[in-house]
Amino acid sequence: MTPKALVAAWVEAFNRGDAEALAAMYHADAVNHQVAAAPVAGREAIRAMFAREFAAAEMVCLVENLFEDGEWAILEWRDPLGLRGCGFFRVVGGQIAFQRGYWDKLSFLRQHGLPIPLG
């Protein structure tokens, strides 16, 4: 599967809130680093992260642009509440080996009525 096709499938699983399907798209030792948080390493830790996040807030990813360059897919996205971000996915052997995402965590927490951590 090409990086672009894999990320398109990732978006579909994300919009279903399917942490299991998402985790299956990652290498066993993959790293997911959302820059607003510490990196998450390993497929099981990534699955647990998605499960926690889906339990905390209803999230929808609307694709603005999806590009591919070699083994990288670049996703520019928005959500129905106005949040915008982008993600970079390195795909090796048909699975995500590394992901980095950029988005505004404070806006996300406020939009979903979630507590804002202090300190």
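Is Tyr 102 buried, exposed or partly exposed? I looked this up and found 36% relative accessibility, so Tyr 102 counts as partly exposed (buried is under 20% relative accessible area, exposed over 50%, partly exposed in between, with a 1.4 Å probe and protein chains only).

I note that this is a predicted model, in which local features need pLDDT of at least 70, side-chain atom pairs count only at pLDDT 80 or more, and totals for chains, interfaces and linings use all residues. Residues are numbered from 1 along each chain as its sequence is written, and side-chain values use heavy atoms, with hydrogens and water left out.

I next searched for aromatic pairs and recorded nine in the structure (rings of Phe, Tyr and Trp, the last by its six-membered ring, with centres within 6.5 Å; planes under 30 degrees apart are stacked, over 60 edge-to-face, the rest tilted). One of them joins Trp 10 and Phe 89 edge-to-face, at 5.2 Å centre to centre and 65° between the planes. Trp 10 belongs to helix α1 (residues 3-16) and Phe 89 to strand β5 (residues 84-92), so this pair ties together parts 79 residues apart in sequence (helices are DSSP runs of H or I, at least four residues, and strands runs of E, at least two, numbered from the N terminus). I found Trp 10 buried at 6% relative accessible area and Phe 89 buried at 1%.

I then examined Phe 88 and Tyr 102, an edge-to-face pair with 6.0 Å between centres and 85° between planes. Phe 88 sits in strand β5 and Tyr 102 in strand β6 (residues 95-103), 14 residues apart. Phe 88 is partly exposed at 29% relative accessibility.

Finally, I noted a cluster linked by ring pairs: Trp 10, Phe 14, Tyr 26, Phe 50, Phe 54 and Phe 89.
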